[in-house]
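The sequence and structure follow.

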Amino acid sequence: MSNYTFFNHTADIGVEITGRTAKTLFVNAAYALFDVMIEGKTGRAAKREKKIIVEGTDISDLMMNFLRELLYLFNGEQFVMESCEMIQFTHKTLQARLAGESLQSNRHLVKTEIKAVTYSGLKVEKTQTGWSVRVIFDV
Amino acid sequence: MSDIKLEKLDDNRWLVPQTGDMRVPGIIYANERIYPLLKGDESARQVANVAHLPGIVKYSLAMPDVHWGYGFPIGGVAAFEMDSGIISPGGVGYDINCGCRLMSTSLTLQDIKTRLGDLTTALYQHIPSGVGSTGSVKLSGKDQKKVLEEGAAWAVKAGFGLHEDLETTEDGGAIAGADPEQVSDRALERGKQQLGTLGSGNHFLEVEVVQEIFDEEAAKAFGLYKGQIAVMIHTGSRGLGYQICDDYLALMVKHMQETKIVVPDRQLACAYLESRRGKNYLAAMACGANYAWANRQILMHRTREVFEKTLRMSPREVNMRLVYDVCHNIAKIESFMIGGVMKKLCIHRKGATRAFPAGHEALPERYRKVGQPVLIPGDMGTGSYVLVGQEKAMEETFGSACHGAGRVMSRSQAIKSSRGRSIARELSESGVLVMAGSKGTLNEEMPEAYKNVEDVVQVMHDAGIAKKVAKLKSVACIKG
């Protein structure tokens with residue numbers, strides 16, 4: 001089952017992501033970001049690995065900075081993430097191990113160019129069934 | 001719809017009443033045809049949110065192409081006092097100096113009709129477009145610094161275009177005060193790859209034909225006449241600009257508490273214009289703006305080359321001249337008469353075009369008598385408008401007008417409603433040849449996804465902010 005759904009936003013792309021725990025919410029958000037951008041992942045073994053450390057003033061800010069970092073890895077370093085594993089996770093800091101590969105036009109179709117992850121209305125919330133966040137990507 | 005009750009001021013303006021912590025009221029330009037569209041999203045709420053920012057002057061404005069953005073609405077205009085006001089990266093937008101450039105030619109549709117297919121293919125091949133596209137201009141660190149400082153002038157010096165192109169570029173193609181030291185390594189790195197690229201999404205290059213002239217005098221001054229072929233380019237500062245905005249927004253969000261500025265939405269994070277952070281952002285923003293002007297200048301040069309080569313014509317025969325280049329995502333320090341006194345203000349235009357009237361000193365000599373060309377691209381099927389700025393813009397909108405048609409449909413709605421259709425074929429049947437890197441982009445950008453540009457332009461015309469000069473119909477379009 002998909003852990004995210006789109007909501008209507010006139011100019012940009014709105015995505016609502018859910019997760020059973022706060023930690024899985026973050027992992028699901030990472031997959032959602034790359035799903036919005038890229039189509040046609042291959043099953044081959046990932047060739048690049050990255051370890052990132054991200055901080056935030058609260059859990060929403062942490063989410064923002066986490067997604068910003070992933071977006072930069074794609075836009076600045078052409079890193080296409082295939083898996084994300086949380087090594088350490090609190091509501092103010094996280095350490096993640098990412099596996100993926102370099103963007104290649106014959107293997108990846110870039111569906112959407114995301115210019116940025118916006119702060120607009122971004123709020124990580126605890127729900128009755130777990131955690132959720134609504135994010136607007138500027139495209 | 002937002003819970004805000006708008007009050008009708010006249011046929012073209014609606015008031016967002018000042019409530020709660022709003023420092024000023026808001027005004028939205030809309031007529032009876034545009035007004036119902038405001039109910040569909042949160043843009044009126046965003047107009048009200050902007051009115052909360054410190055140092056805002058007179059009112060928070062929205063042009064008739066207003067739609068739901070993030071932080072500021074798209075189509076938003078707001079002016080701030082230099083000593084007590086703020087600068088907000090979100091009020092400029094991620095794509096710093098996203099803008100339009102219109103070039104006229106000496107060709108008519110008849111001259112290119114049989115070669116239009118070849119011309120479109122050649123443009124598509126030689127104008128790098130699409131996500132992550134890289135340009136043919138490879139920059140060394142030293143050159144990049146010059147691009148950021150000198151903008152379009154750097155491109156002309158490097159052989160991309162003519163000196164006269166700079167005369168008809170807003171601000172001569174460079175904002176003063178650019179300081180590359182204020183731009184992060186990440187932004188610089190992204191910028192190195194992408195100079196001379198169109199990008200994706202709503203960015204495009206369009207071959208158009210002048211379909212109708214409304215104002216003969218202004219059209220003549222702009223060098224436009226019925227039946228003439230023109231080219232419109234819409235793009236901005238690419239990854240470099242997005243990264244500058246992202247970097248400074250994060251920085252300002254982080255420091256909001258110490259500045260004691262309370263904003264209703266984090267995306268409105270800002271710094272006082274007089275603060276170090278505010279000044280640094282302005283210096284970095286100027287770098288982004290200058291990069292965008294160099295980018296459009298290079299793309300124009302490539303377009304000239306493609307026309308001349310494909311049509312086997314000399315530069316003189318094609319005679320591609322720059323009518324004007326305007327930015328529509330920017331913050332500018334400009335002077336306006338406020339309560340009888342000329343005052344310097346910081347004008348945020350996020351999805352809004354400068355629209356200075358006749359006589360303004362910022363205009364090139366040849367347009368000084370008629371006013372500034374205001375370039376308004378519509379959707380792919382409809383084409384574009386050229387307007388001319390009027391005196392009333394100085395009185396009411398801080399010298400600003402709309403910037404496009406404005407979306408009414410979200411991208412996912414557009415994709416849904418385009419299911420089972422070929423947008424490329426539909427456009428081709430209506431006489432527009434389209435080449436796009438992805439079908440998704442085409443579907444998202446389908447004509448129905450936008451407001452009717454004619455309605456939007458009519459509001460500006462009737463309100464006396466900018467008058468209609470010419471309508472152009474697209475005949476070919478390339479997109480990323």
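Two strands count as paired if DSSP finds at least two bridges between them. By that criterion, strand β4 (residues 60–70) of chain B pairs with β5(B) in the antiparallel sense, over 4 bridges. The model is predicted, and the points below are grouped by chain and by topic.

**Sheet in chain A**
- An open sheet of 3 strands runs in the order β4-β6-β5 (chain A), with antiparallel pairing.
- β4 (48–55) and β5 (79–89) of chain A are the edge strands; each has a single partner strand, so one side of each is left without a neighbour in the sheet.
- On average, neighbouring strands of this sheet are turned by 25° against each other, direction ignored.
- Between β5(A) and strand β6 (residues 93–102) of chain A there are 9 bridges, and the two strands pair in the antiparallel sense.
- Within this pairing, F89(A) has L94(A) in β6(A) as its bridge partner.

**Helices on the sheet of chain A**
- Helix α1 (residues 22–37) of chain A packs on the sheet and touches β5 and β6 of chain A. The direction of α1 makes about 170° with that of β5(A).
- Helix α2 (residues 59–77) of chain A lies across β4, β5 and β6 of chain A. Relative to β4(A), helix α2 runs at about 145°.

**Contact between chains A and B**
- Chain A gives 25 residues to the contact and chain B gives 34 residues.
- On the side of chain A that touches chain B, the elements giving two or more residues are α2, β8 (116–126) and β9 (131–138) of chain A.
- β8(A) supplies the largest share of that side, 5 residues.
- By residue class, the side of chain A that touches chain B divides into 10 nonpolar, 9 polar and 6 charged residues.

- In strand β5 (residues 72–81) of chain B, 9 of the 10 residues are buried, so the strand is largely enclosed by the rest of the structure. Buried here means that 20 or more other C-beta atoms lie within 10 Å of the residue's own.

Methods: Residues are numbered from 1 along each chain as its sequence is written. Chains are lettered from A and ligands numbered from 1 in the order in which they are written. This is a predicted model: local features need pLDDT of at least 70, side-chain atom pairs count only at pLDDT 80 or more; totals for chains, interfaces and linings use all residues. Axes are lines fitted to C-alpha atoms, for helices over the stretch in contact, and angles run from 0 to 180 degrees between N-to-C directions. Two residues are in contact if their C-beta atoms, placed from the backbone, lie within 7 Å. Ala, Val, Leu, Ile, Met, Phe, Trp, Tyr, Cys and Pro count as nonpolar, Asp, Glu, Lys and Arg as charged, and the others, Gly among them, as polar. A residue is buried if 20 or more other C-beta atoms lie within 10 Å of its own, exposed if 12 or fewer, and partly exposed in between; C-beta atoms are placed from the backbone.
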